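Visitor: I have a structure to look over, and I'd like to go through it one topic at a time. Please start wherever you like.

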Amino acid sequence: MTKLLKNGRQWVALICAGLTASLIVQPALSDENAELSIDGVEIVTKTAAPEDHPLDEILSGWRFRSVETQALQTDDFDNPGFTAVDYGAELWDTAEGSSGKSCASCHGAAEDSMKGLRASMPKWHEGEGTLMTLEDHINWSRKEHQGAEPWKWESSEMLAMTAYLGLQSRGMAVDVKVDGPAAEWFDKGKDLYYTRVGQLDMACSNCHEDNYGNMIRADHLSQGQINGFPTYRLKWQGLGSIHRRFSGCMKNIRAVPYKRGSDEFTALELYLAWRGAGLSVETPAVRQ
Amino acid sequence: MTKSLIYSLAVATMTFGLTAQAGTVAPDTVEIVDMEVKASLTGAAGDPGAGRETFADRKKGNCLACHANADLSEQLFHGEVGPELNGAADRWSAEQLRAIVINSKEVFGDQTIMPGFYTTDLGVRVTDKFQGKTILSAQEVEDVVAYLLTLKEN
């Protein structure tokens with residue numbers, strides 16, 4: 001039991017404590033038919049895949065989580081990600097950098113100006129001539145508009161701001177542009193998705209395309225969708241970025257991860273966003 | 001980029017070498033013919049008791065991640081990515097089981113998710129710590145094979 005707790009499987013351990021050890025015990029399974037609605041807003045967690053899509057149907061990671069974890073996301077008062085959202089709202093109104101301006105000085109209410117942004121990320125930036133994630137856009141605006149230092153990728157400020165901005169798109173369908181200058185990035189991301197890495201010699205597709213729905217030891221494999229990020233993970237005891245999750249999956253298969261914010265992870269992010277097209281943005285989601 | 005990675009990986013493998021113990025078949029010289037590896041990698045029989053532990057150990061075989069196995073019912077959480085291994089010895093010979101554990105791709109095809117436990121044919125960007133190393137040693141492979149041979153239903 002102590003070992004289980006150390007592994008960060010508190011939930012599973014607690015649930016299993018009451019069961020006899022002589023059985024091949026499976027952890028508490030999710031209710032795969034449950035529907036998600038938050039404060040009366042319907043969240044699409046299952047949608048038909050378009051014809052050229054590798055999956056038959058597109059499913060949010062929420063569907064694969066235990067009933068207890070699922071419940072945490074149905075009410076913003078229970079959702080532990082909201083501490084960071086509140087901090088993000090505070091940062092939105094805080095003057096910073098040589099301009100002495102806050103985000104709000106230029107953009108007004110985030111509820112209006114930032115609505116829909118998360119759902120379209122990552123996207124091509126005309127000025128910089130490159131594909132940019134939400135984190136990149138935030139740091140670009142800090143530099144260009146505020147004259148402020150960039151935030152580190154996994155800093156509490158960046159996580160708070162991406163959570164706060166992401167929330168403004170909650171319930172909206174993920175819809176990224178993959179044509180034009182983004183096409184090259186899309187192809188690269190797809191390539192990375194199917195490339196076997198690490199000593200365990202696995203590609204993302206082995207787990208998240210070929211085996212979603214199956215248990216891999218105590219973990220219920222999902223499609224590895226990114227519509228809920230930054231996500232509050234019970235194991236992390238905090239929010240984490242999309243690129244942190246990619247990094248974790250690569251380390252688990254004994255591969256050297258790419259850097260957060262690298263072209264590789266940005267390309268992979270675009271490809272994964274496309275694989276989840278039509279799912280609602282769930283930011284901030286809760287996962288084990 | 002990928003090409004240069006594969007190249008540096010190849011060099012690393014050659015330099016640090018996979019120096020086999022005397023009498024042990026090195027991973028890059030194992031011969032898998034008709035989905036079989038005929039002889040023991042170490043020249044000796046494996047120890048089924050040790051194999052049972054290697055099978056369950058998350059840092060070694062971690063076979064339970066993907067396979068349910070009634071013989072290890074005292075362990076929590078058996079995966080369902082691969083078939084249940086109850087009765088595996090009724091379905092496969094020792095030579096076939098050895099080939100499956102050494103490099104499952106030679107038996108199930110390139111698309112299988114099951115890792116090769118004694119092969120140098122790995123993915124790109126292997127973590128430094130594991131470069132040029134196989135997941136299991138020759139002895140551990142033989143122990144696991146000996147253990148699998150005890151999984152009989154008939």
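Guide: Let us begin with F108(B), which is partly exposed at a relative accessible area of 43%; here buried means under 20% relative accessible area, exposed over 50%, and partly exposed in between, with a 1.4 Å probe and protein chains only. This is a predicted model, in which local features need pLDDT of at least 70 and side-chain atom pairs count only at pLDDT 80 or more, while totals for chains, interfaces and linings use all residues. Residues are numbered from 1 along each chain as its sequence is written, chains are lettered from A and ligands numbered from 1 in the order in which they are written, and side-chain values use heavy atoms, with hydrogens and water left out.

Visitor: Ok, aromatics then. How many aromatic pairs are there over all chains?

Guide: A search of the whole structure gives eleven, where rings of Phe, Tyr and Trp (its six-membered ring) pair if their centres lie within 6.5 Å, and planes under 30 degrees apart count as stacked, over 60 as edge-to-face and the rest as tilted. One of them is the edge-to-face pair of F186(A) and W274(A), with 5.1 Å from centre to centre and 85° between the planes.

Visitor: And where do F186(A) and W274(A) lie in chain A?

Guide: F186(A) is in helix α9 (residues 183-193) and W274(A) in helix α12, so the pair ties together parts that are 88 residues apart in sequence.

Visitor: Are F186(A) and W274(A) buried or exposed?

Guide: F186(A) counts as buried at 12% relative accessibility, and W274(A) counts as buried at 15%.

Visitor: What about W92(B) and F108(B)?

Guide: Their ring centres are 6.1 Å apart and their planes are at 80°, so this pair is edge-to-face. The pair links distant parts of the chain, 16 residues apart, with W92(B) in the loop between α3 (88-91) and α4 (94-103) of chain B and F108(B) in helix α5 (residues 105-108). W92(B) is partly exposed, at 28% relative accessibility.

Visitor: Switching to charges: which ring does the charged end of R125(B) sit over?

Guide: That of Y258(A), at 3.8 Å from the ring centre; a charge sits over a ring if NZ of Lys or CZ of Arg is within 6 Å of the ring centre and within 35 degrees of the ring normal. R233(A) likewise lies over the face of W236(A), 4.9 Å from the ring centre.

Visitor: What is the phi of R254(A)?

Guide: R254(A) has a positive phi of about 60° although it is not a glycine, and it is buried, with a relative accessible area of 15%. Most residues other than glycine have a negative phi.

Definitions and conventions:
Helix = DSSP H or I, 4+ residues; strand = E, 2+ residues; numbered from the N terminus.
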